[in-house]
Amino acid sequence: MAQAQERHRRFAWSADRLLIGLLVAVAVLLGWVNGLGRFDQSLYDQAMAWSSRPASSDILLVTVDNASLDALGPWPWPRSVLAQLLDKLHGARAVGLTVLHDQASRNPGDDALLIDAIRRNGHVVLPAVLDDLTAPTRNVLANDKLAAVAAGTGYLNSLPDGDGIIRRVQWRTRLQNGRDGRYVVLALLAAGGEEDKADAILERAGPGGRTGIAYAGSAGHMHAVSYLQVLRGQVSAAQIQGKYVLVGSQPDGWSRRFPTPMGRLSGIEMLGEQLQAARADLMIRTAPAWLTALCTALCTLLACLTLRRMAPRRALLWSLAAAALVLVTTFMVLNYAQYWVAPSAAVLMLLACYPLWCWRQQEALLADMDGELQRLSQEYPPILDEAQLWPHPGKDAMGARLHELRQALTRVRNLRRFLVDGFDGITDPVFVSDKDGRLSMRNRAATAYFRDLALRAPRLGQSTTWLLEQLVSDAAVLSKIGPALTGQQSDASPWRLDMEIQDRQGRSIILKCAPIHNSAGEFAGTVVTFNDISAIRQAESKREETLRFVSHDMRAPQNSILALVYLNSQETDPKKQHDAWSRIGQLARRTLRLVDDFVHLTRAESVRLAQVVIDLDMLLHEAMDDFWGLAQARRVELSIDDVLPQALVRGDRALLLRAVCNLIDNALKYTASGGRVRVSLQRDGMNWLIHIADSGMGIAQEDLPRIFQPFTRVGPAARNDGNGAGLGLAFVNTVAARHGGSVEVQSQPGSGSTFTLRLLAYTEDEIARADERVA
């Protein structure tokens, strides 16, 4: 069985590894092709929208809005107007013109005014437009005269992604003349004295010359003033001093907007966002394909190794949490490290691993279930009726297995019911402890056994050693119980403990401890049984008493009779013959009395008691009448209380009468001539007390504990063969015990003895109710 389980485990692990390898390969493929491109782009845009930043105070937008058009006329304006604007922008760190001036003005004087204004400002950057950003063949610049006096030029072309959204910037490109063209933002940085930042951006952009940028906000986020406000002097020099100023159109219904992660922005706003990102070094780099594939593979591998050890509910929660963690981590890396790792492939694989592993676990579970059900049907055939199961649900695989599982569970329940009923049906107390010595089971007999000892019923989980300490007081026995319960002894014998003990009530008990092993042969607990053999020991004691009676008390007078008969046959003297015959008759009467006492004692111990109502007053008077003549012959005063109460008891009248007679007979026997014997009756709570007091020789204190034992004679009686075999008081003690009472004695040598017979009292009403219950 263990080998089969090991083979099944290895096969399952091989299948798991194959599935893990397949999932990791798919993860690598998805990561290499950048997962779900559009989905990643949407995540990128959402992350960018959540990470808005304050607009830079060093960037100012001068916009051509509708108010400016209304005041200055329709576009295009004379270049002299732009020259006036540039004069107003004196002191700016750099001025970027986003309005293309590629043609010569109709008024040559306006060109001269603009050239002088550009020269006076000294930090003006003019725009250019390329026909193709990736492979330009034509570069449309401002006219050569303007470009000659400008601080720099740069192209305005944007680089949209496949979905048309502008997330990246092409910082440089190779022009037709073999020279590198720069983006207008880099020209502004150079004109503003931040050439080092422009070089750093180009170095970070690498051979491709492009990076993503971190947009700061949506439309209207940047600081802006209108063209007209600047011309009218409504913008102070302090608002312009040392700032990057971008001049362009603000779309109020006539200029286009560009889609970005922050929404649709005007050209001048997008340029301002790019300039702010360039100055703050917020360039977004995109992870290479191999890194995305590696991250996706690691997430998939972690999911596979983790989910196979989880329950379905926890696995679902873990998968969702892991996917959320990947997204959160991606957003944090994008916002704080400006590095973008496309997360869609990892998220997709994390969510895909859950149903795949659920399917795999279901397959493994069904395979295990099939094997275990087959083993169960082979190892545990039905022991009780299993015909009450509902019909087979159909050919569905899951339904069929559920049907087999129900059958197996029914069989297990029947087996458990069989074991529990059989366990409770054991008449001896039985305890079952686990491997740590804690009580795990006990039958009804064990509970009743504790109740008989006036102890609290044992509870599951208690220390079995402590429970046995409540039952056994022998320290030697207790020292052997602990190792037997915890499996510290050898299993060479089927019984770890097999010995006869005495419980706290003095009963003889066979205590046995047997080990329990699980299916793997490992120690799992101990079965402790208590077999009460008190009846057997009492029977053995009774047998010994009978043998003693037959071999000694009966045999001695018989041998004496045979000897006297033989001697008498040889004797010729008539007087001696008469004495011999008298002696023979005395021995025969003694033998008959011994047999009679022994028979009565045996009857008192075993006969079924007759339950009749007895009036002790009448019983005592009857006993007094039987011994009146004997008392007169021995000149002993035998008296009884003149007025006795009505004393009712239930029991066997013949046995109680003989018990009282035995007590009176003993009192007369050991009371000298001239003495007295008095019989009295009194009530003591729920008992009637019969007192028989004599003025005889009394009993020594050391002999009092033994006088109610069979074949026990003390004092002068032990030396007088004519006083019986010591069965009279044993008979009285037996009769009292069987009637739920007791017999007691108080005596002092030379002061007489008082025997007290205690019997359970009944009133007439109690006897009537008891009779009704019996009926």
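Here are a few friendly notes on the chain, its cores and one of its pockets.

1. A word on the basis: this is a predicted model, where local features need pLDDT of at least 70, side-chain atom pairs count only at pLDDT 80 or more, and totals for chains, interfaces and linings use all residues. Residues are numbered from 1 along each chain as its sequence is written, and side-chain values use heavy atoms, with hydrogens and water left out.

2. The chain has 23 helices and 28 strands, taken as DSSP runs (helices H or I, at least four residues; strands E, at least two) numbered from the N terminus. Of its 775 residues, 44% count as buried, meaning under 20% relative accessible area with a 1.4 Å probe, protein chains only.

3. The largest nonpolar core holds 51 residues, and Met48, Trp171, Tyr183, Val185, Leu189 and Tyr215 touch the most other members. A nonpolar core here is a set of buried Ala, Val, Leu, Ile, Met, Phe, Trp, Tyr and Cys residues joined through side-chain atoms within 4.5 Å. Helix H7 (residues 184-191) gives the most to this core, 7 residues. A second, separate core has 45 residues, including Leu638, Leu656, Ile692 and Phe755.

4. On to the second largest pocket, with about 580 Å³ of space. A pocket is an open set of points on a 1 Å grid over the protein atoms alone, where a 1.4 Å probe fits, with protein on both sides within 12 Å along at least five of seven lines; lining residues have an atom within 4 Å of a point. The volume is the space filled by probe spheres set on the points, which are joined across faces, edges and corners. Of its 23 lining residues, Thr98, Leu156, Arg256, Phe258 and Gly267 are the closest to the centre. H10 supplies the largest share of the lining, 4 residues.

Definitions and conventions
Buried < 20%, exposed > 50% of the residue type's maximum accessible area, 1.4 Å probe, protein only.
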